[in-house]
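Could you walk me through how the helices of this protein are arranged? I would like a plain account that I can follow with the model open beside me.

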Amino acid sequence: MDSKHMQIGEVAARTELSLRTIRHYEETGLVIPSARSQGGFRLYTETDVARLMVIRRMKPLGFTLEQMRDLLDATDRLDRGDALDADEREVLLERVRTYQQAAAEQVEKLRIQLARAEDFAATLSARLERNAAAARV
């Protein structure tokens with residue numbers, strides 16, 4: 001799956017992130033291109049794209065770059081299949097659980113905000129409809 005390399009433009013299109021944002025994540029060490037072309041262009045794999053998608057999903061939930069780094073470190077270590085002892089594995093799983101819980105809590109807060117925003121928009125629509133009807137009379 002990772003044998004195909006993509007240039008940053010294709011990765012930007014696939015992740016809906018700007019080139020600048022991808023470069024910023026590289027500068028902060030969150031995502032490192034898997035390779036460079038002979039001409040020095042960044043080359044990314046499907047794994048790199050998946051990593052960027054995790055970051056993209058965490059950002060609107062208010063996670064910091066350090067938290068993103070911490071979660072990615074934990075998931076990288078779990079996914080590598082290294083010979084982790086049971087205690088290490090449990091510590092890593094607990095870190096992931098903590099982020100899962102924080103994400104779920106943030107999603108609930110966003111649902112409440114969205115419901116309030118939808119209620120507000122409906123109130124304005126109703127007001128406009130009432131006033132438009134009154135103007136026609």
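In helix 3, the buried residues are Asp48, Val49, Arg51, Leu52, Met53, Ile55 and Met58. Buried means under 20% relative accessible area, exposed means over 50%, and partly exposed lies in between, with a 1.4 Å probe and protein chains only. Helices (H or I, at least four residues) and strands (E, at least two) are DSSP runs, numbered from the N terminus. This is a predicted model, in which local features need pLDDT of at least 70 and side-chain atom pairs count only at pLDDT 80 or more, while totals for chains, interfaces and linings use all residues. Residues are numbered from 1 along each chain as its sequence is written, and side-chain values use heavy atoms, with hydrogens and water left out.

What do the buried residues of helix 3 pack against? Their partners are strand 1 (6-7), helix 1, helix 2, strand 3, helix 4 and helix 5, where contact means heavy atoms within 4.5 Å. Helix 3 itself has 13 residues and reaches 19 Å from its first C-alpha to its last, close to the 18 Å expected at 1.5 Å a residue. That expected span is 1.5 Å times one less than the number of residues. Threonine 45 counts as buried, at 5% relative accessibility.

Now follow helix 3 (residues 46-58) to its neighbour, helix 4 (residues 65-80): the two pack at an angle of about 140°, with their axes 11 Å apart. Axes here are lines fitted to C-alpha atoms, for helices over the stretch in contact, and angles run from 0 to 180 degrees between N-to-C directions. Helix 3 and helix 4 are therefore oblique to each other; angles under 35 degrees count as roughly parallel, over 145 as roughly antiparallel, 65 to 115 as roughly perpendicular and the rest as oblique. On the helix 3 side, Arg51, Val54, Ile55 and Met58 meet Gln67, Met68, Leu71, Leu72 and Asp76 of helix 4. By class, these contact residues are six nonpolar, one polar and two charged. Ala, Val, Leu, Ile, Met, Phe, Trp, Tyr, Cys and Pro count as nonpolar, Asp, Glu, Lys and Arg as charged, and the others, Gly among them, as polar.

Helix 4 also packs on helix 5, again at an angle of about 140°, with the axes 9 Å apart. That makes helix 4 oblique to helix 5. Residues meeting here include Leu71, Ala74 and Leu78 from helix 4 and Leu92, Val96 and Tyr99 from helix 5. The residues of this contact divide into seven nonpolar, two polar and six charged.

Helix 5 (residues 86-136) has 51 residues and reaches 74 Å from its first C-alpha to its last, close to the 75 Å expected at 1.5 Å a residue. Which of its residues are buried? They are Leu92, Tyr99 and Ala103, and what covers the buried residues of helix 5 includes helix 3 and helix 4.

The axes of helix 1 (residues 8-15) and helix 2 (residues 19-27) come within 9 Å and cross at roughly 105°, so helix 1 and helix 2 are roughly perpendicular to each other. Ile8, Gly9, Val11, Ala12 and Thr15 in helix 1 touch Leu19, Ile22 and Arg23 in helix 2. This contact has five nonpolar, two polar and one charged residues. In the loop between helix 1 and helix 2 lies glutamate 16, which has a positive phi of about 60° although it is not a glycine. Glutamate 16 is exposed, with a relative accessible area of 64%.
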